Amino acid sequence: MKITLIHGQSHKGSTYHLAHFLAEKIGGGITEIFLPRDFNEFCVGCTSCFTDSETKCPHYEKLSSVTRAIDEADVIILASPVYVYHASGAMKVLLDHYGWRWMVHRPEEKMFSKQAVCISTAAGAGMKSTNRDMTDSVFWWGVGKIYKYVVAVNETSWERVKDKKKRLWTKGFPRLPKKLRQGREELSPALRQRLFSPLCV
């Protein structure tokens, strides 16, 4: 399986370690993207990607390697720590650039056969709203199956997290890779997705 892992931050904290652990457990080739290092351009709201083509985006060339990695992946992992109860600004900046791919605009059929995992962690709270920032996008891209994983690590540093807690959080991951491998043949857009795209009829 091909995995594209997009990190919503460039440092290697709790979110990074959990996401990377999962990617390794799934097995296969892993392409990692670190934000904002690998993409840091703000959407300018020109709407050219909706009305004409994504190639008209002023950041198309800079974004092309990320788009290629998403398109080639069987599994997309989006991972972001909580930043004021939401995904990191770097993650949001990237997702803003894929509004054209939403089912209500110009859906891409190859997304229907993909799976996604959205991972969010926090020292306190806000994991669910952060996770939703990411799951909203992959849902409206038309991704066939989406999994959510949220963890309150109760620490600002992965090194300070107790080993017992680390083992507890990663204990459930062996089941998830198995689900991802077995679910490849059963993928199809959800009813709410199909209502917004003629490609799903």
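**Exercise 1.** Work out how helix 1 and helix 7 pack, and which residues make the contact.

*Solution.* Start with the geometry: helix 1 (residues 14-26) and helix 7 (residues 175-182) pack with axes 9 Å apart, at an angle of about 50°. Axes here are lines fitted to C-alpha atoms over the stretch in contact, with angles from 0 to 180 degrees between N-to-C directions. Helices are DSSP runs (H or I, at least four residues) numbered from the N terminus, and strands are E runs of at least two. So helix 1 is oblique to helix 7 (under 35 degrees is roughly parallel, over 145 roughly antiparallel, 65 to 115 roughly perpendicular, the rest oblique).

Next, the residues: Leu22, Lys25 and Ile26 of helix 1 meet Leu176, Pro177, Leu180 and Arg181 of helix 7, where contact means heavy atoms within 4.5 Å.

This is a predicted model, so local features need pLDDT of at least 70, side-chain atom pairs need 80 or more, and totals for chains, interfaces and linings use all residues. Numbering runs from 1 along each chain as its sequence is written, and side-chain values use heavy atoms, leaving out hydrogens and water.

**Exercise 2.** Describe the aromatic pair of Tyr98 and Trp141.

*Solution.* A search of the whole structure turns up five aromatic pairs (Phe, Tyr or Trp rings, the six-membered one for Trp, with centres within 6.5 Å; planes under 30 degrees apart are stacked, over 60 edge-to-face, the rest tilted). Tyr98 and Trp141 sit edge-to-face, 5.5 Å centre to centre with 70° between the planes. Tyr98 is in the loop between helix 4 (89-96) and strand 4 (115-122) and Trp141 in helix 5 (residues 127-141), so their pair ties together parts 43 residues apart in sequence. Finally, ring pairs link Tyr98, Trp100 and Trp141 into a cluster.
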